[in-house]
Each structure stands twice: as structure tokens, then as C-alpha cells.
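Subject: Structure for your review

Dear colleague,

Please find below the structure that I am handing over to you. I would be grateful if you read the notes that follow with the model open beside them.

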Number of protein chains: 2
Amino acid sequence: MNDFRFYTPTRYIFGRDAQKHVGEMSASLLGNRVLLVFGRNSARKSGLLDQVEDSLRKHGVEFFEFGGIRPNPTDGPVRLGIGLCRDEGVTGILAVGGGSAIDTAKAIAAGALYDGDFWDFYSGKAVPDKALPIGVVLTIPAAGSEGSGNSVITREEDLRKVSIRTEHVLRPVFALVNPELTYTLPPYQTACGIVDMMAHIFERYFTPTAGVQVTDRISEGLLKAIIEEAPKVLSDPTAYDPRANIMWAGTLAHNGVCGCGKAEDWSSHGMEHELSALYDVAHGAGLAVIMPAYMTFMAEHKPERVAMMARNVFGINEKDEVQAARKGIEALKDFFRSIGMPVTYSELGLKEVDIPLMVRKLHETKGSPMGAYYPLTEKETTEIYNIPR
Amino acid sequence: MNDFRFYTPTRYIFGRDAQKHVGEMSASLLGNRVLLVFGRNSARKSGLLDQVEDSLRKHGVEFFEFGGIRPNPTDGPVRLGIGLCRDEGVTGILAVGGGSAIDTAKAIAAGALYDGDFWDFYSGKAVPDKALPIGVVLTIPAAGSEGSGNSVITREEDLRKVSIRTEHVLRPVFALVNPELTYTLPPYQTACGIVDMMAHIFERYFTPTAGVQVTDRISEGLLKAIIEEAPKVLSDPTAYDPRANIMWAGTLAHNGVCGCGKAEDWSSHGMEHELSALYDVAHGAGLAVIMPAYMTFMAEHKPERVAMMARNVFGINEKDEVQAARKGIEALKDFFRSIGMPVTYSELGLKEVDIPLMVRKLHETKGSPMGAYYPLTEKETTEIYNIPR
């Protein structure tokens, strides 16, 4: 086991009507001038935004609406938001939505207290050591950003999608999590979120670090719970308990508890980011294609952890490592298909993919070799990208 | 799933040499006048206390030694500590040790900022809403107090042992956790700690709340990891990774993640507290006797969760609920015996136990019926106490 630090000071209020605490929590933790970051239409249409704004007013919190954040959020709105924070003397940021709103809120929160350009954090030129406090009303379980210190932003000029990670500076100070708010999510988006949270667990599960049984067994338990609950939310979108399990799983998948003591991998996320930067595919759907391809490569080159996943998550009873790994991957692909997710490029709606371009951009960003579990150079990532054809 | 709040703002530094951060962490989080709470001999003899004190001095933290805390800590030292805090203008409390030192530190921390007698918190007359900040250098993995908001103190006058629980007021602000510090723990104490942390998981596992798959599967994963690692720490006390897994499991067993969304039970802890209040037995050893007895009763009256434990933790393949439950209990008892723990009163060294007295004291404290999973009146607790004969 590696040495680690773990600090997760997010206050979760989880359950029915959790969003009703937003005024009270904002007043005490974000200050009285709040930038309200949200997406395009759904929060307004559902009435959630009105409810949030009423609650803020009732607790004397002034707010500045900053809507229109799109999936795969970009640097443009972040700079606008930083300007607004400075002009208006904003004291904290409140994100209403999912990963896009939250990750934008985080970039604004750090950028507003930084003298240079906020992209310095994403290019690796600087590390954020302070940020405005961030609060969240979560509506989409997937990214896990409500409990993480991470943020992913895409630069518009070259579509470079970069993820940054802080131990705690960018962790929200509170997250209000009401599973009922996810009842209206379309099935495809629900399924994409499920794949994304599973990938957050797998990226940490594929580790070269030995002796991490506690983290491994927790990760497997979380995966089993997701696989158990996923069909229920898809067959009955307003079933409270399954929605609640999926939503809480999304937080635990990414708050760091599945990574304690481990070197983490993140190759599949890196490879998928290139896919969704070039083509119009949802991150979760892209992961459903890339993650099994990554495991298929590993089954032949370093099968141990694929076989362990097969046995401990899917209950596959097979002694041979490679055979166990292969059966586990088939079970995972069957599961993805059962929730309406693609596992090949054509199922993803792509006739052709420009693998040489993706490989070049990938290693420009991630270096070569990349990945902790098994080192991947251009040769290996090309091979993996060729698998889901 | 029930609504819940979850807020765990403890900064963990986990790994080799973690205790070396004590001066730096104390200076920034406890202030410059610290009450140093520790046990009897071991921390002094091992040199740990000298190392801690050197580090405090180096960072300009003045400290007041407050040693001699015994297992099953009592109210007497707490009052002395509170007086010392007030006289010396103490700004924070640093516990070096296990649950006894930490729980004493917590009681002092809350009592020092309270006008009345600190026992008001334990008698239920008052709820602590503030406390001096608490830091921990952990040496014994068992109680999980380093990450919990809980504290257990015994009143000397009537040996009433009372547990209190806060959402976050009594959670340590930091915990320095070095598995190497546990190398010298005697095997019996190591095994007692293992039983205690398993019981912390089971007390939350036995719930009447439906639809808590995420919390259930995480709990089972944690139990499996403990069962996997326990024989390794006993056969090789200086094996780093197994010690590290057991130590981290002890924290996660009790920081609340295994209870999210559930009504919790805690009947076995209540029943064991009466046993160790009356007789000179270690808490963990007492739990190894009581917990399987509790489950044996449940196998006949409400077997579902005993059977689920049997299947998901011990891999028992048996369709019948009662049969599965019985086999699970046998597997659990076999495991306890394999690590040198008793599962009957005589194995615990007790020829006779005063069951009527324990039952009376138990229900005086806990009311009747008690327990969330299955309501226990005097009749049922008498039956359970009679099982491990």
C-alpha cells in the first residue's frame, strides 16, 4: 500500500427535498453574494432553479445568474464567470446541475482568486492553492464532481480537454443531493452516468500497487451495487431507492475512497477524452466502448486485475487468469449493452475514427508511456483503439 | 433508503512516518497550547511520545502532558483534563494512542467549552455544539474514534458506560495513521481490535431499512478485506500491507460510510458494554462472544441479513434463509476462533455471568424495546445473553 492523504470536507445533505437547504447552507458557507452556475434549460423548466432562487432570497443571499453551461464545458464561460465574480465581489459559487456546471464553477472559483489566467492551472503552469467556496445542488449522478477536488475543462481553440485534481482546494463545501431530481433524466443519460461512475472506480482499480485489499473490496462492492441497481432505474425511472443508490454511488466512486493507497491508472479516461473531443459522443458512451477495449488488451498482457474483477464483481468461477479475464469482459459488455450502451464504434454511431490523430493528441497530453497499471506507448494505445471496431 | 447527512472533515495522513507531521499539523489546526492525552506506558516506552513532543517543540507548540488514561476511560480524568484546559488556556487537544485516549480527548474538548458538567452530554441533558479541535496520532486500530464523531466514557460511580455521537463536532480535525506503530501490539489486542471494527460494520449492517445496496456492498467488501488480512497480521506482526489494511479498515468501519441511509442497530455493543462494565473483559473479546449470539437469535427470528452476510461475506451457497444464516454464524465463529478470540463465556474466562443484572442495566440505559433491526425486550436480550454458555 502506498502512503496517502485523504481529506473530504464536503457536507452532504442527501435525500428527499435536500435542495431546500440551499439558502441556509449558502448563507452560512458561501457568503451573501453568490454566482449561480447552471446549464441550459432543464433546471429552469423543472422549476428547480426558481426553488433555489427563492431559498437564496429567503436567506438574504444575493445571486448572479450564470446559465447556459454546456456538456464538455469550455474555457470561454469560465473567463466570463471570473470577470463577473470580480466585478460583483462574489463571495462563493453555487452550481446547480451535474459535472459541467460543477467543473465550470470550480474553474471560476479558483480563477477568481488568481492573478494570472485560470488556464495556467489546467496547463500545469500553476497549482490552485485557494478558491472561492463552492456549493452544489446535484441533478445528474455521473461525474462525481460534487465530492471530488477535480475539474475537467476543454480549451475551445484546440479542443484540448484537461483534467486537474486537487486534494481539497476544489472540493465543494456542501452538496445537496436529492435522488428525486434525477427522475426525469432520459434513459440514455442515466446509462451514460452509470458507465462514467463505474469507470471512475475501474481507473483506480487498475493499479500496480499491491496490498490494497480494503480499497479493492470496497471498489468491488460499489461496482456490484451499481450493477444491481442500474436495471431498476432504467425500468422504473421514479423508483426512489435505486435512484438514491446510483446517486450515492456516483459520489463515492470519485471522492477518493476508491483510490486510497493506490497508484491510479486513468488510461481509459485519457483515451476517451480524445474520442469525445473529436466526435460528438457522450463521455459515458465513449467510456463504454473504450473501457472494455482497455481490459481486452490487459487480458492478454496483464490479466490479474481483469480476472479479479471478473471473479469478485461478476462472480465468474474460472481458475485460469486469461480465461477469467475474458469472461469478465464479456459480462461487462453484456451489462453495458443491457443498459443501452454501445461497446463498439459503430454502436456509438461512428463509421470511422481517426486513430492516428487520437493517439498523437493523447500522448501529447499524457506523455509516453502513460498509465500506471501497464505502460502504454503509441503502439499499445493504437492497438487498444483498434479493438472496438 | 433513509435521508442522511454525511460530513467527515478529518484530514488523514496515512503511511510510514505519518506521525512526523504532528508538529506542523498541530501548529496549524490545534493552536499553540495543546493538551497531550495519552495512555499508560507504551507510547513513552516505544519512543513515540518523545518523537511527538520533539515535533511539537520544533513547531512552537507548547504542550501539557496528560497521561495515564486507561482502557474503558472514565469521567474522573475527563474532569481533570477540563480543569487543566481552562487553567492553561489550552487551544486544542492531541490524543496519542487508541480509542481510550481519543474518547477522553473528545470529552475534554467538548467539556472545556461548556459551562455545566461535561457528563450532561453523556446523560443526554445537553448536546455538544462546539469543542476544542482534536488531533490524533493513532497507535491502536479498533475503536475507529480517529475518524468518528463519537465518544464512549464510563462513569466511575456506577460503571455506566455511555456512547455519544455527533455528526461532526467531535470528529478529529486530523489523524496521523502509521501502520508501523501497530507492529508491537500483542496478538490478543490486535485480534480484539479486529473484532471491534467488524462489529462496527455489523451494527450498521443489521438494519430494517430497505434499498441500501451501496452501503451494504461497501460494508461486505470491508468485512471481506478484514477477514482476508487478519490472519496475515497475526502470523507476521510486522507485515506492513496487512497492518495498513487493518488500520484503514478500522477507520472506515466507523467514520459513518457504512451507515449512510440506514437505521442502525447497536444492540450487540449495548449488550457487550454491560458485560465489560461488570467483568474484566476486553471490549473486542466481549463482542466476539455477544455478536454471534445476537446473530444466532436473529437466525431464528429475522434471518434475512444474517443470511445475506453468510452469502456475501463468507460465500455460503445455500438458498434457505435460516440454513444460510446458521452456516454464516458458524463461519464467523470459526474465524473468531482462528484469530484467538473467544465465542463463549467460558472461553472468555467467565465461569458465571449475572444475566438478570446485565439485562436490567441494559434496558435502564437503552430502554425497552431496544435495537433497530428487531425489537428486543428483556425477554429477548435474556435469551441472547443465554446463548454463549
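With which residue does Arg16(B) form a salt bridge, and how far apart are the closest N and O atoms? The partner of Arg16(B) is Asp3(A), and the closest N and O atoms are 2.9 Å apart. Please keep in mind throughout that this is a predicted model.

The interface

On the chain B side, strand E1 (4-14), helix H8 (213-235) and helix H9 (240-252) each supply at least two residues of the surface that touches chain A. Sorted by class, this side of chain B has 21 nonpolar, 10 polar and 10 charged residues.

In terms of contact, 41 residues of chain B meet 41 residues of chain A. The size of an interface is often given as the accessible area lost when the parts come together. Here the area buried between chain B and chain A is about 3,700 Å², and carbon and sulfur atoms give 56% of that area. Three residues, Met1(B), Val214(B) and Trp248(B), supply 17% of the area that chain B buries against chain A, which is more than any other three residues.

The sheet

Which strands of the two chains pair with each other in the antiparallel sense over 7 bridges? They are strand E1 (residues 4-14) of chain A and E1(B). Within this pairing, Phe14(A) has Phe4(B) as its bridge partner.

An example of parallel pairing is found in chain B, where strand E5 (residues 134-138) and strand E8 (residues 174-177) are joined over 4 bridges. There, Leu138(B) stands opposite Val177(B) in E8(B).

Helices across the strands

Points in the backbone

A cis peptide bond joins Ser368(A) and Pro369(A), with omega about 0°. Pro369(A) is in the loop between helix H14 (355-366) and helix H15 (378-386) of chain A. In chain B, a cis peptide bond links Ser368(B) to Pro369(B), again with omega about 0°, and Pro369(B) is placed in the loop between helix H14 (355-366) and helix H15 (378-386) of chain B.

Two residues other than glycine have a positive phi: Trp266(A), with a value near 70°, and Asp17(B), with a value near 65°. Trp266(A) is in the loop between helix H9 (240-252) and helix H10 (267-278) of chain A. Asp17(B) is in the loop between E1 and helix H1 (22-29) of chain B.

Yours sincerely

Terms used: Residues are numbered from 1 along each chain as its sequence is written. Chains are lettered from A and ligands numbered from 1 in the order in which they are written. This is a predicted model: local features need pLDDT of at least 70, side-chain atom pairs count only at pLDDT 80 or more; totals for chains, interfaces and linings use all residues. Side-chain values use heavy atoms; hydrogens and water are left out. Two strands pair if DSSP finds at least two bridges between them. Contact means heavy atoms within 4.5 Å. Buried area is the accessible area (1.4 Å probe) that two parts lose on being put together, summed over both. A salt bridge is a side-chain nitrogen of Lys or Arg within 4 Å of a carboxyl oxygen of Asp or Glu. Ala, Val, Leu, Ile, Met, Phe, Trp, Tyr, Cys and Pro count as nonpolar, Asp, Glu, Lys and Arg as charged, and the others, Gly among them, as polar.
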